[in-house]
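Subject: A structure for you to look through

Hi,

Here is the structure I said I would pass on. Have it open while you read, and follow along with my notes below.

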Amino acid sequence: MAEGVTHGQLACTLFFTVVGVLYAVAEYIEFARKPAKSKTSDSAISDPESQGADAEKKVWITALSHTTLIKAIRFDSEALLECKVLLRNGVELGLILLWFWIADRSGLILSGEKSYSRDFFIFFMTCLTAVFIWIGCPVHKTKSPLNRDQTEEWKGWMQVMFLLYHYFEAKEMYNAIRLFIACYVWMTGFGNFSYYYVRKDFTPGRFVHMMWRLNFFVFLVCCVMNNDYMLYYICPMHTIFTLFIYGVLGVGNQYNSSNLGIAIKMAVCFLLVFFLWETPGVFKTVFRPLTWLVGYNDPSKPDVDPLHEWEFRSGLDRYIWIWGMLCAYFHPRYEKALAWLDEINQQTATIIRGSIVAVCVTLGSFYYTHIYCLPKLEYNVVHPFTSWIPITLFILLRNVTPSLRMVHISKYAFLGKITLETYIAQFHVWLSTSNIPNSQPSKLMVLIDGYPLMNYLLCTALYVQVSFRLFNVTNDLKNLMLPLSDNKALMYNCGMLAAMGAGAYVLAFAVGVVL
């Protein structure tokens with residue numbers, strides 16, 4: 001095998017080459033049959049939330065039965081036409097992964113040094129927010145606190161600051177970034193608990209969809225870029241907390257309707273966290289067999305225990321997901337309290353709202369002075385036990401009036417939908433790891449040398465577009481390949497995906513031996 005080429009990289013190359021060939025043949029067949037149309041149209045793929053069960057099942061039947069896939073691999077004309085949309089998405093995904101490799105592994109793209117200016121950082125965020133507000137702040141009918149648009153907006157502006165923190169290496173924002181990550185983990189607890197508690201949907205389809213969303217693309221990136229899974233620590237961290245929530249609510253889910261049942265399950269969560277993270281030696285004993293998965297070998301710190309990063313990152317937010325679950329449980333009561341406040345005498349409501357604001361500002365000032373302003377290492381010690389304070393205060397202030405609950409900044413909400421994609425993509429097509437596997441993105445990608453602002457503009461435009469396409473492509477592939485309601489079909493498809501991946505890897509290993 002060529003020096004520096006891994007079996008994972010070769011397997012991905014072979015796999016996506018086959019996908020490309022199949023797609024080219026499908027396009028040729030459709031062209032040759034004009035004006036005949038493919039059985040699967042682009043309109044079959046859309047936002048999963050806009051499709052009902054029948055639409056989802058239709059996509060599965062027409063686009064991806066296990067027999068159709070097998071026939072397509074054998075170059076059956078009808079099967080190729082049925083799978084054309086699937087293949088096109090696969091080709092696009094392969095091209096994006098190729099761009100990742102070219103940008104951050106080929107050595108063809110320059111890298112530059114980071115620089116930070118507090119003045120420019122504040123100026124940029126102020127201008128961006130002003131432009132986004134000017135573009136539009138839609139008003140919706142719901143007065144519900146923590147509605148979908150509001151949480152997407154929340155994720156969006158935090159993600160922008162998180163990314164700029166990395167781009168400019170704004171080290172003084174470290175504590176704020178820790179809080180933002182805690183907010184994301186809080187949302188994992190809040191969102192998952194809300195879904196399972198209300199819908200009682202613990203089906204395999206739902207579970208596989210969650211795991212696909214969190215891990216499918218990052219798995220491919222790890223293969224192509226030869227990186228450890230833990231380099232993208234947000235993915236394993238959200239995955240484990242999602243698994244905890246799924247497990248604690250799924251086991252004995254008939255007791256979820258009981259206050260006592262929920263109280264016991266919350267207590268189990270606290271005990272689990274305490275046992276894993278607070279009991280010396282337990283965490284590494286439990287996860288040592290999984291070092292191959294959650295270990296991180298930092299090339300700049302070769303002597304550090306591979307499990308250190310996993311223990312540190314997950315430990316920082318070990319409790320906040322439980323607080324998210326509790327907030328979700330009490331959300332209906334909170335919503336009723338706000339509805340009552342909206343309906344009472346205006347003067348009384350103003351006094352109550354003013355009192356809420358005053359208390360929040362007072363507590364927030366105390367938190368900022370005595371906790372937030374602590375040095376980095378000291379702050380890390382108290383963060384797991386205090387991050388719930390600013391999160392709760394923000395929620396109370398953000399929802400204190402009906403007008404605040406009914407409005408959101410649409411562009412931040414848009415960015416909030418693609419946070420996972422922007423998080424992963426930043427490593428390789430916005431920042432630079434300097435062609436070093438497992439390296440942190442300590443430099444910037446440079447397409448226009450000598451013009452840092454123009455380079456930032458171009459690289460950011462490409463980066464956001466790539467992230468947006470990643471969101472759509474991986475979502476479309478998920479809808480085509482993973483039916484929600486047909487467990488047998490889901491099993492077949494998952495098995496076929498595993499078989500194709502294993503086959504590609506075995507073939508790559510064989511080619512490597514020959515070469």
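What follows is a short tour of what I found.

First, the ground rules. This is a predicted model, so local features need a pLDDT of at least 70 and side-chain atom pairs count only at pLDDT 80 or more, while totals for chains, interfaces and linings use all residues. Residues are numbered from 1 along each chain as its sequence is written, and side-chain values use heavy atoms, with hydrogens and water left out.

pLDDT is the predictor's confidence in each residue, from 0 to 100. The chain has a mean of 91, and 93% of its residues reach 70 or more. Confidence is highest in helix 18 (residues 388-398), at 98, and lowest in helix 2 (residues 53-63), at a mean of 38. Over residues 36-63 the pLDDT stays under 50. Where pLDDT is low, the predicted coordinates should not be read in detail.

Helices here are DSSP runs of H or I with at least four residues, strands are runs of E with at least two, and both are numbered from the N terminus. Helix 1 (residues 7-32) has 26 residues and spans 37 Å from its first C-alpha to its last, close to the 38 Å expected; that expected span is 1.5 Å times one less than the number of residues.

For accessibility, buried means under 20% relative accessible area, exposed over 50%, and partly exposed in between, using a 1.4 Å probe and protein chains only. Among the buried residues of helix 1 are Leu10, Phe16 and Tyr23.

Now find His428, which belongs to helix 21 (residues 419-429). His428 counts as buried because its relative accessibility is 0%. Contact means heavy atoms within 4.5 Å. Leaving out residues up to four places away in sequence, His428 touches several residues, including Phe100, Val221, Tyr232 and Met445.

Glu153 sits in helix 7 (residues 148-168). Glu153 is buried too, at 7% relative accessible area. Beyond four places in sequence, Glu153 is in contact with Arg398, His408, Ile409, Tyr412 and Ala413.

**The sheet**

Two strands pair if DSSP finds at least two bridges between them. Three strands make an open, antiparallel sheet in the order 1-3-2. Strand 1 (110-112) and strand 2 (431-432) are at the edges with a single partner strand each, so one side of each has no neighbour in the sheet. Strand 3 (residues 443-446) is joined to strand 2 by two bridges and to strand 1 by three. Look at Leu444 in strand 3: Leu431 stands opposite it, and Leu444 is also the bridge partner of Gly112.

**Rings**

Rings of Phe, Tyr and Trp (its six-membered ring) pair if their centres lie within 6.5 Å; planes under 30 degrees apart count as stacked, over 60 as edge-to-face and the rest as tilted. That gives 46 aromatic pairs. In one of them, Tyr116 and Phe121 have ring centres 6.1 Å apart and planes at 70 degrees, so the pair is edge-to-face. Tyr116 is partly exposed at 30%, whereas Phe121 is buried at 6%. Both belong to a cluster linked by ring pairs, which also includes Trp430 and Tyr463.

Finally, a charge sits over a ring if NZ of Lys or CZ of Arg is within 6 Å of the ring centre and within 35 degrees of the ring normal. Arg206 does this over Tyr195, 3.7 Å from the ring centre, and Arg333 over Tyr329, at 5.0 Å.

Enjoy exploring!
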